[in-house]
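Please examine the structure shown below together with its sequence. A short report on selected local features accompanies it.

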Amino acid sequence: MSKIKTYNKIAQGGLNILIDSGFEVSDAIDNPDAIILRSEKLHTMTIESNLKAIGRAGAGVNNIPVDKCTNAGVVVFNSPGANANAVKELVIAGLLLSARDIFAGINYSKSLKGRGSEVNTLVEKNKALFKGIEISGKKLAVVGLGAIGVMVANAAVELGMSVSGYDPFISVDRAWGLSSSVIQASNLNKLLSGADFVSLHIPLTDSTKDFINSSCLSKLKNTATILNFSRPEIVDQEAIVTALNLGGIHRYVTDFPSELLLSSDKVIPMPHLGASTKEAEDNCAVMIGNQIKEFLD
């Protein structure tokens, strides 16, 4: 009987696939045949002799030592696309939050607690402080057209935005799923210079670390907003904060807050909620459960 060690909380639907097939599944197993995890970092782990596979119930594998696993003959799986809709919806929420200054407006409204009958008067008097823009007709640049990037681009088209996409390595399957209204961009600098909003959907690799840096930021309009629901390291945070403080860009929206980012009131920070929906967690767990079962079988 194969033994599966789990890290983090894995949705029961995925675990049941393995349990119903006769595998032993627990977070207290030593020397397992396979590991299933979400965000646990394994870079310092010792690869035991019996380990055959590691499955991440999520997109990306940057928390897994892939090179070390490859050298040891351990196969690494993940579940790309299973959480794409959840992330897409959060990106669209980020677009609207930044365009309408909803975040600041909510905080202002909450600050009026205790003002009694004055509340309505104060809200009407000061609502102009939070006047925003409509996203319909605005230009969105989507950098990276994988599962999430394609869904964001298509949703933005439906909301009336002018959408351009940049991805030199787009797959045929993703291209087939992309709306015909999305404009293909071959020049990143030109794409950035014309964008009102930039949404990042690229993986973290050595070549994409600090992908958005001071050079990229200098090409953006000072009214532009950057949305990063991909990985924190693809953006140079010091460069972002400097650009925000100097008025080089308008907003930065991300679900990767840090002490530095929280120092700027022009950052809209969220907890890392991209895949934090019941549906996404179920989808990821089921996908990885099936992959691990089929491989071990």
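## Basis of the model

This is a predicted model, in which local features need pLDDT of at least 70 and side-chain atom pairs count only at pLDDT 80 or more, while totals for chains, interfaces and linings use all residues. Residues are numbered from 1 along each chain as its sequence is written, and side-chain values use heavy atoms, with hydrogens and water left out.

## The second largest pocket

The second largest pocket has a volume of about 270 Å³. A pocket is an open set of points on a 1 Å grid over the protein atoms alone, where a 1.4 Å probe fits, with protein on both sides within 12 Å along at least five of seven lines. Grid points are joined across faces, edges and corners, and the volume is the space filled by probe spheres set on them.

Lining residues, which have an atom within 4 Å of a point, number 15, and Ser-164, Ile-183, Ala-185, Lys-190 and Leu-191 lie nearest the pocket centre. Two or more lining residues come from each of strand E6 (139-143), strand E7 (162-166), strand E8 (183-184) and helix H8 (188-193); helices (H or I, at least four residues) and strands (E, at least two) are DSSP runs numbered from the N terminus. By class, the lining has 7 nonpolar residues (Ala, Val, Leu, Ile, Met, Phe, Trp, Tyr, Cys and Pro), 2 charged residues (Asp, Glu, Lys and Arg) and 6 polar residues (the others, Gly among them).

## Asn-83 and helix H3

Asn-83 is found in the loop between strand E5 (75-77) and helix H3 (84-100). With 7% relative accessibility, Asn-83 counts as buried (under 20% relative accessible area, with exposed over 50% and partly exposed in between; 1.4 Å probe, protein chains only). Beyond its neighbours within four places in sequence, Asn-83 is in contact (heavy atoms within 4.5 Å) with Gly-58, Ala-59, Ile-148, Ala-275, Ala-280 and Cys-284.

The 17 residues of H3 should span 24 Å, and its end C-alpha atoms are 25 Å apart, which agrees; the expected span is 1.5 Å times one less than the number of residues. Buried residues of H3 include Ala-84, Val-87, Leu-90 and Leu-95. Asp-101, with a positive phi near 55°, follows H3.

## Aromatic pairs

The whole structure contains 2 aromatic pairs, defined by ring centres of Phe, Tyr or Trp (its six-membered ring) within 6.5 Å; planes under 30 degrees apart count as stacked, over 60 as edge-to-face and the rest as tilted. Phe-77 and Phe-295 form an edge-to-face pair, 5.6 Å centre to centre with 65° between the planes. Phe-77 in strand E5 and Phe-295 in helix H11 (residues 278-296) are 218 residues apart. Phe-77 is buried at 16% relative accessible area, whereas Phe-295 is partly exposed at 37%.

The ring centres of Tyr-108 and Phe-130 are 5.4 Å apart and their planes lie at 40°, so this pair is tilted. Both Tyr-108 and Phe-130 are buried.
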